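Morning, everyone. I'll walk through one structure today, helix by helix, and then turn to the backbone. Please have the viewer open.

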Amino acid sequence: MRKVDLAIIGGGPAGISTALHLVRQEPSWVSRLVVIEKGTHPRPKLCAGGITQFGMRQIRRLGLTPKIPFVPVGRADFLYRGHAVQLRGKPIFIVTRREEFDAWLAQEAKGLGIELLEGNPVQSLARRAEGILIDTAHTRFLAKAVVGADGARGIVRPWIGARERPARVARLLEVVMPETRFDFDDGRRVATFDFDMVRDDLQGYYWNFPSLIGGQPYLNSGVYDSQVNSGQRKARLRELLSKGLKHHAYLSETTRIEGHPIRWFSPSNQVAAERILLAGDASGAEPLFGEGISIALAYGDVVASTVRRAFQKQDFSFNDYRRRLLTSPVGRYLLLRWATAQAFYRLTSRDRVMRFLWRTGELVTKAMR
Ligand SMILES: Cc1cc2nc3c(=O)[nH]c(=O)nc-3n(C[C@H](O)[C@H](O)[C@H](O)COP(=O)(O)OP(=O)(O)OC[C@H]3O[C@@H](n4cnc5c(N)ncnc54)[C@H](O)[C@@H]3O)c2cc1C
């Protein structure tokens with residue numbers, strides 16, 4: 001059995017960012033923690049790979065610059081029934097391939113000497129007086145503290161008994177297909193967020209993102225259903241994805257549709273237990289757009305400072321984590337998006353309100369140009 005101060009379960013953006021922040025804040029942590037990852041980077045990850053300016057700020061705060069191909073999106077069109085609210089930026093967000101992004105981040109961590117054990121799924125957890133016993137496929141660990149950064153379908157969150165009713169889970173379907181014609185506007189690549197399908201019970205949108213795979217242009221499309229309003233009828237996601245693809249003149253017959261949930265943040269979510277902290281999707285992504293990469297990266301900072309304080313005080317109750325999270329920049333970002341999603345996805349069934357919002361948005365964004 002190996003004894004460690006901290007075991008981070010999950011080597012995605014939340015787990016790696018936590019390790020990187022800890023080592024940046026206090027270099028001695030490099031020999032006190034281990035990151036345990038089920039897959040081996042580059043591991044498959046279903047995700048559209050969009051990283052906003054908020055996420056790019058998190059990457060810069062880690063002292064990093066992405067050394068991977070990405071598509072800078074210069075214009076985002078938010079559509080509703082013939083109205084288009086256009087946002088422009090340099091860029092508004094970038095589109096990465098998640099396999100490449102996560103493998104690059106993992107490589108940066110390894111480069112600092114952080115121990116990342118890949119191909120090592122955590123199979124069970126148990127409480128002991130001195131810490132948490134973690135059994136993986138290959139090793140047994142005893143950790144004084146554990147970070148559950150193992151995603152929306154991870155093992156840590158259910159193990160601490162954090163189950164909300166109704167479940168705060170968004171559904172997503174995605175297709176990726178070769179593309180010959182990126183949409184351009186003055187040389188800027190365009191992404192589309194189409195909210196037309198709120199009239200078909202979708203509590204979200206259809207998206208088209210320009211993407212690069214192996215240097216070739218691809219289109220990443222999908223539907224996002226936040227399910228924020230649990231009383232509403234469930235949208236038929238597959239039908240809506242086909243409808244969106246046809247409407248935007250793409251063929252769906254030859255493409256493989258894949259789906260995965262996102263767990264979203266609510267201020268009342270359970271985020272910790274004795275000796276355990278949750279980060280990233282295991283704790284909650286933002287429900288308005290389903291943005292999770294930037295959020296996962298930003299969790300790392302809060303988790304790292306909470307862990308350091310717990311070790312200084314030798315108090316592993318983590319009673320202060322919720323307050324620290326909610327008052328941090330990522331906590332405020334999540335709260336704002338959560339409150340907006342709660343209001344917005346209850347209004348989307350009212351066509352007149354939606355048209356008013358979009359007409360106002362059109363006027364404001366045109367005036368700003
Ligand atoms: C279709 C789709 C499209 C999306 N598009 C976007 C987008 O464009 N922009 C955006 O910001 N967000 C997007 N998201 C959300 C985003 O993918 C997630 O929010 C993000 O991956 C969360 O990061 P994480 O580190 O918390 O979890 P993950 O990235 O899921 O990482 C968790 C890690 O834990 C590992 N793990 C799981 N179980 C175990 C175990 N038992 N033992 C050891 N390791 C384990 C997994 O292998 C994984 O590497 C999308 C999601 C979906 C489903």
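Start with helix H1. H1 has 13 residues and runs 18 Å from its first C-alpha to its last. That is close to the 18 Å expected at 1.5 Å a residue. Keep in mind that this is a predicted model.

How many of the 13 residues of H1 are buried? The count is 11, so H1 is largely enclosed by the rest of the structure. Going along the helix, the buried residues are Pro-13, Ala-14, Gly-15, Ile-16, Ser-17, Thr-18, Ala-19, Leu-20, His-21, Leu-22 and Val-23. What do they pack against? Strands S1 (2-9), S2 (33-36) and S9 (140-148), plus helices H3 and H6.

Take H3 from that list. H1 covers residues 13-25 and H3 covers residues 98-111. Their axes are 10 Å apart, at an angle of about 20°. That makes H1 roughly parallel to H3. The crossing of H1 past H3 is left-handed. On the H1 side, the contact uses Pro-13, Ile-16, Ala-19 and Leu-20. On the H3 side, look for Asp-102, Leu-105, Ala-106 and Ala-109. By class, this contact has 7 nonpolar residues, 1 charged and no polar.

Next pair: H2 and H6. Here the axes come within 8 Å and cross at roughly 35°. H2 also passes H6 in a left-handed crossing. From H2 we have Phe-54, Gly-55, Gln-58 and Ile-59. They meet Ile-293, Ser-294, Leu-297 and Ala-298 in H6. The class count for H2 with H6 is 5 nonpolar, 3 polar and no charged residues.

Let's zoom in on Ile-59. Ile-59 sits in H2, which spans residues 53-61. Buried or exposed? Ile-59 has 20 C-beta neighbours inside 10 Å, so Ile-59 counts as buried. The cut-off for buried is 20 or more. Leaving out residues up to four places away in sequence, Ile-59 touches Leu-64, Pro-66 and Leu-297. Leu-297 is one of the H6 residues in the H2 contact. Ile-59 and Arg-157 are 98 residues apart in sequence, and their C-alpha atoms are 26 Å apart.

Now Leu-64, one of those partners. Leu-64 is in the loop between H2 and strand S4 (71-80). With 15 C-beta neighbours inside 10 Å, Leu-64 counts as partly exposed. With the same exclusion of residues up to four places away, Leu-64 touches Ile-59 and Glu-108. Another distance for your notes: Leu-64 and Val-95 are 31 residues apart along the chain, with 17 Å between their C-alpha atoms.

H8 covers residues 329-347. At 1.5 Å a residue, its 19 residues should span 27 Å, and the end C-alpha atoms are 27 Å apart, which agrees. Which residues of H8 are buried? Val-330, Leu-334, Arg-337, Trp-338, Ala-341, Phe-344 and Tyr-345. Note Arg-337 and Tyr-345 in that set. Helix H6 (293-313) is included in what covers them.

H9 covers residues 351-368. Its 18 residues should span 26 Å at 1.5 Å a residue, and the ends are 26 Å apart, which agrees. Cover is another matter. H9 is hardly covered, with 1 buried residue among its 18.

Last topic: the backbone. Two cis peptide bonds to look at. One joins Lys-90 and Pro-91, with omega about -10°. Pro-91 is in strand S5, residues 83-95. Another runs from Arg-165 to Pro-166, with omega near -5°. Pro-166 lies in the loop between helix H4 (156-159) and strand S10 (169-178).

Gln-314 has phi near 55°. Gln-314 is in the loop between H6 and helix H7 (321-326). Phe-318 has a positive phi of about 55° too. Phe-318 also lies in the loop between H6 and H7. How is each one placed? Gln-314 is exposed, with 7 other C-beta atoms within 10 Å. Phe-318 has 22 C-beta neighbours inside 10 Å, so Phe-318 counts as buried.

That's my list. Over to you.

Note on methods: Residues numbered from 1 in each chain as written. Predicted model: local features only at pLDDT ≥ 70, side-chain atom pairs only at ≥ 80, totals over all residues. Axes fitted to C-alpha atoms, helices over the stretch in contact; angles between N-to-C directions. Helix = DSSP H or I, 4+ residues; strand = E, 2+ residues; numbered from the N terminus. Parallel < 35°, antiparallel > 145°, perpendicular 65-115°, else oblique. Left-handed = near helix turned anticlockwise from the far one by under 90°. Contact = placed C-beta atoms within 7 Å. Nonpolar A, V, L, I, M, F, W, Y, C, P; charged D, E, K, R; others polar. Buried ≥ 20, exposed ≤ 12 C-beta atoms within 10 Å, placed from the backbone. Expected span 1.5 Å × (residues − 1).
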